[in-house]
Amino acid sequence: MARTKHAASTKRKPKASAAKKATATAASPSKASPQTRSASSRRPSKTGGQATSSQGTLRKPHRFKPGMRALQEIRKYQKATNRLIPAASFIREVRAISYRFAPNIGRWQAEALVVIQEAAEDFLIKLFGDAMLCAIHAKRVTLMKKDIELARRLGGMGQPW
């Protein structure tokens with residue numbers, strides 16, 4: 001079903017047939033739908049269903065403007081000081097890489113792994129920031145592979161890994 005744009009108006013009055021239907025369903029609870037049976041106890045949900053107030057009128061659930069959730073997420077992660085990559089998978093990957101280059105090294109100190117993870121996350125955050133600046137310079141919003149490659153070249157990281 002195609003979405004259509006409606007003319008802007010203030011509050012809409014419910015149609016008479018809708019009011020009659022609401023009173024008819026309230027009178028016979030056995031035929032009432034689950035939404036109308038618990039109309040007074042419903043609250044706005046974050047999943048997108050319709051909510052009702054104490055008078056029984058239907059309210060639309062709260063919706064954020066496009067892009068607001070993304071901005072909230074950005075602010076949340078910028079305030080956070082904890083690590084973003086799960087520790088177990090990162091440690092597993094560090095051990096696999098170190099085994100490829102030096103098979104005789106089998107033990108790692110816990111602090112060393114934490115420091116490596118913090119350095120790796122700091123490197124990735126700076127790389128993504130530089131790559132995003134490259135995308136914005138190209139008048140794009142979407143980050144692409146070529147932006148990351150350009151950021152690495154400009155940052156002096158010419159190594160292929």
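This is a predicted model: local features need pLDDT of at least 70, side-chain atom pairs count only at pLDDT 80 or more; totals for chains, interfaces and linings use all residues.
## Overall layout

The chain has 161 residues, and 12% of them count as buried. As for how the chain meets itself, take the contacts with a separation of 6 or more: residues 24 or more positions apart account for 22% of these.

## Where α4 meets α5

Helix α4 covers residues 87-101 and helix α5 covers residues 110-137. The two pack at an angle of about 100°, and their axes are 11 Å apart. An angle from 65 to 115 degrees counts as roughly perpendicular, so α4 is roughly perpendicular to α5.

Who does the touching? On the α4 side, the contact is made by Ala87, Phe90, Ile91, Val94 and Arg95. Helix α5 brings Leu113, Ile116, Gln117 and Ala120. Sorted by class, this contact of α4 with α5 has seven nonpolar residues, one polar and one charged.

## Glutamine 117, a closer look

Glutamine 117 sits in helix α5 and is one of the residues that helix uses to contact α4. Its relative accessibility is 2%. The cut-off for buried is under 20%, so glutamine 117 counts as buried.

If you set aside the neighbours within four places in sequence, glutamine 117 is in contact with Arg83, Ile85, Pro86, Ala87 and Phe90. Two of these, Ala87 and Phe90, belong to the α4 side of the helix contact described above.

## The second largest pocket

Now for some open space. The second largest pocket has a volume of about 760 Å³. Its lining is made of 20 residues, and Tyr77, Gln78, Leu84, Ile125 and Phe128 are the ones that lie nearest the centre.

Helix α5 turns up again here: it gives eight residues, the largest share of the lining. Both α3 (68-79) and α5 supply at least two lining residues each. By class, the lining of this pocket divides into eleven nonpolar, four polar and five charged residues.

## Two aspartates

Aspartate 130 and aspartate 147 make a handy pair to look at. Are they buried or exposed? Aspartate 147, in helix α6 (residues 145-154), has a relative accessible area of 3% and is buried. Aspartate 130, in helix α5, is partly exposed, with a relative accessible area of 37%.

Leaving out neighbours within four places in sequence, aspartate 147 is in contact with Ala131, Cys134, Ala135, Arg140 and Thr142. For aspartate 130, look across to arginine 152: the two are 22 residues apart along the chain, and their C-alpha atoms are separated by 8.5 Å.

## Lysine 139 in the loop

Between α5 and α6 there is a loop, and lysine 139 is found in it. What is the phi of lysine 139? The angle is positive, about 60°, although this residue is not a glycine.

Lysine 139 has a relative accessible area of 79%. Anything over 50% is called exposed, so lysine 139 falls in the exposed class.

Methods: Residues are numbered from 1 along each chain as its sequence is written. Side-chain values use heavy atoms; hydrogens and water are left out. Axes are lines fitted to C-alpha atoms, for helices over the stretch in contact, and angles run from 0 to 180 degrees between N-to-C directions. Helices (H or I, at least four residues) and strands (E, at least two) are DSSP runs, numbered from the N terminus. Angles under 35 degrees count as roughly parallel, over 145 as roughly antiparallel, 65 to 115 as roughly perpendicular and the rest as oblique. Contact means heavy atoms within 4.5 Å. Ala, Val, Leu, Ile, Met, Phe, Trp, Tyr, Cys and Pro count as nonpolar, Asp, Glu, Lys and Arg as charged, and the others, Gly among them, as polar. On a 1 Å grid over the protein atoms alone, a cavity is a set of points where a 1.4 Å probe fits but cannot get out, and a pocket is an open set with protein on both sides within 12 Å along at least five of seven lines; lining residues have an atom within 4 Å of a point. Grid points are joined across faces, edges and corners, and a volume is the space filled by probe spheres set on the points. Buried means under 20% relative accessible area, exposed over 50%, partly exposed in between (1.4 Å probe, protein chains only).
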